[in-house]
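Here is a short report for someone meeting this structure for the first time. Look over the chain before reading on.

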Amino acid sequence: MSRNAETSRRFPAGSNSPTRLPFAFARDQQVLLDGARVIAGPAVTQMGLREAQRRLGLRAGVDLTETDQAGFEAALARVYNDGADSGQGADPELLFDLEDMSANARQRDLLDDPSDAPVIQLVNRLLKRAVLSGASDLHVEPHENGLRVRMRVDGLLQEVMDRADVPVKRIVSRLKVMAGLDIAETRLPQDGRIALSLGGRMIDTRVSSLPGHYGERIVLRILDRAAGLMPLADLGLSSDQQALLRRLSSLPNGIILATGPTGAGKTTTLYSLLQLADRAERNIVTVEDPIEYDLPGISQSQINADIGMTFAAGLRATLRQDPDVILVGEIRDPETASTAAQAALTGHLVFSSLHANSSIGAIVRLRDLGLDDFLIAATLRGVIAQRLLRKLCPDCRRSHTPTDDEAQLFRRHGLNVPEVLYEPTGCDACGGSGHAGRMGIFEMVELGETLRGAIDRGASETEMKALALGTGETLVGQGLAAAAAGQVSLTETLRVVGDVA
């Protein structure tokens with residue numbers, strides 16, 4: 001029977017409403033119950049069909065739907081995610097499963113026994129809720145009276161749970177076992193990784209433990225590999241900014257930096273630049289920590305500082321791989337900065353991220369890392385500073401006329417005062433937050449002869465900023481423009497970028 005499309009036939013059913021099959025059983029046996037309907041994948045087993053029939057009973061009149069692998073995985077995710085834990089009760093199904101990682105494949109999970117099943121269920125439910133909510137981080141924080149769990153959604157922390165009746169040490173140990181950490185070591189910080197799957201979606205999680213007064217604090221950084229890369233137009237870039245990125249990505253050599261705080265989207269921007277630079281005649285190599293997305297046709301290497309594979313060591317090694325374009329995940333020390341500059345001088349195009357508050361601030365940071373002014377002027381080609389702002393929910397945003405203080409803020413930055421501004425209120429569509437998703441704002445500087453000369457003579461940050469950025473091109477100007485357009489609130493702009501002229 002062809003399985004390229006769903007096909008249906010009759011199958012015995014029972015008089016009672018069937019209970020849902022365990023997730024692991026449904027996935028492995030390629031059969032699931034969708035209400036009174038049975039969905040079978042291409043590798044469905046007789047054992048799976050018999051169990052589905054047993055749960056449905058003997059009354060005829062229920063359809064068996066056969067589908068291909070993609071259709072079955074989509075149905076699996078839909079059926080089991082429909083019961084997503086919203087905090088209103090417990091979902092007994094465990095949707096998260098450890099991938100068969102070489103580091104953990106031979107390690108016996110000492111917590112995985114019937115007496116500790118509630119701990120496993122709770123941990124999996126917290127992870128599931130974080131992924132389905134689009135959280136970037138999950139914080140597990142022991143305190144004097146129990147355990148608090150928070151997740152970061154759209155840049156802000158939200159409390160998920162704060163209870164005194166949970167076994168704190170068992171929950172922390174469960175997370176450490178999943179991440180391959182030493183559960184006997186509670187005095188030193190540790191870092192690990194958990195590879196998870198959720199209904200066919202690949203989720204990579206970085207785990208960090210930190211000893212505290214009431215127990216170890218665990219923070220998980222969640223990377224959804226299935227999210228994919230965003231096209232330039234979806235990043236929030238203007239047409240002029242998109243044209244500048246295309247021009248920078250086509251350069252034969254030099255350094256292009258993305259700056260901003262953690263979680264500002266620097267890696268997404270750099271990956272978009274790599275996509276633009278990806279040509280058949282170019283050899284592209286990356287050195288990352290971690291590898292967030294798989295890029296077809298590009299050689300990607302993972303940093304492992306424990307064995308000496310640092311950014312600097314990885315960058316030096318890539319130079320022996322005959323690269324044309326190199327992505328270095330982050331420039332964080334003088335050695336990496338110097339090696340990147342030497343790579344740019346020898347004819348390579350280097351993309352990297354740097355922690356700085358603005359585009360011109362990146363130049364000052366490179367000086368701080370020990371690069372000479374003439375070397376910065378000779379190698380740096382462009383800098384992108386960025387932030388993420390929470391967008392207003394279009395269904396419930398409320399307009400108001402700008403106050404005198406708000407109008408003065410726009411005038412101070414050389415911008416026209418808008419007729420109306422918008423603020424969040426909250427509705428069912430946005431979950432009461434007043435916001436829906438995030439957008440990027442970008443401050444971009446392309447180094448021309450004038451700015452290079454200023455860098456070479458050791459000009460101050462204020463002088464370089466006056467030469468490089470015009471009215472409205474700063475992060476503050478971009479944020480105010482987004483507020484004037486009704487995309488974000490003025491309060492959100494000031495929260496993220498402040499009011500620095």
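This is a predicted model: local features need pLDDT of at least 70, side-chain atom pairs count only at pLDDT 80 or more; totals for chains, interfaces and linings use all residues.

**Helix H12**

Start with helix H12, which spans residues 404–412. Glu406, Ala407, Leu409 and Phe410 are buried there. These residues sit on the same side of H12, because their arc around the axis is only 155°. An α-helix has 3.6 residues a turn, so residues three or four places apart point the same way. The face of H12 turned away from the buried side carries Asp404, Asp405 and Arg411, which are exposed. What covers the buried residues? The cover includes strand S18 (398–400), S19, helix H15 (475–484) and helix H16 (490–497). Just after H12 comes Gly414, with a positive phi of about 70°.

Most residues other than glycine have a negative phi. Gln30 has a positive one, near 60°. Asp322 also has a positive phi, near 55°. Both places are loops: Gln30 lies between helix H1 (23–29) and strand S2 (31–34), and Asp322 lies between helix H8 (311–318) and strand S15 (325–328).

| Residue | Relative accessibility | State |
|---|---|---|
| Thr286 | 0% | buried |
| Gln30 | 8% | buried |
| Asp322 | 62% | exposed |
| Asp428 | 82% | exposed |

Why does Gln30 count as buried? Its relative accessible area is 8%, and buried means under 20%. Asp322 counts as exposed because its value is 62%, and exposed means over 50%.

**Thr286 and its surroundings**

Thr286 belongs to strand S13, residues 284–288. Its side chain makes a polar contact with the side chain of Glu288, at 2.6 Å. Which residues does Thr286 touch, leaving aside those up to four places away in sequence? They are Leu274, Ile298, Ser299, Gln300, Ser301 and Leu327.

**Asp428**

Asp428 sits in the loop between strand S19 (421–423) and strand S20 (435–446). Asp428 and Cys396 are 32 residues apart in sequence. In space, their C-alpha atoms are 9.2 Å apart.

**The annotated stretch**

An unreviewed UniProt entry annotates residues 319–333 as "domain: Bacterial type II secretion system protein E". Over residues 319–333, the chain is 0% helix and 27% strand. The end C-alpha atoms of this stretch are 18 Å apart.

Conventions. Residues are numbered from 1 along each chain as its sequence is written. Side-chain values use heavy atoms; hydrogens and water are left out. Helices (H or I, at least four residues) and strands (E, at least two) are DSSP runs, numbered from the N terminus. Buried means under 20% relative accessible area, exposed over 50%, partly exposed in between (1.4 Å probe, protein chains only). A polar contact is a pair of N or O atoms within 3.5 Å; within protein, one must be able to donate a hydrogen and the other to accept it, and residues adjacent in sequence count only if both atoms are side-chain atoms. Contact means heavy atoms within 4.5 Å. UniProt positions are given in the numbering used here, feature names are shortened, and annotations may be inferred rather than shown by experiment. The arc is that of the directions from the helix axis to the C-beta atoms.
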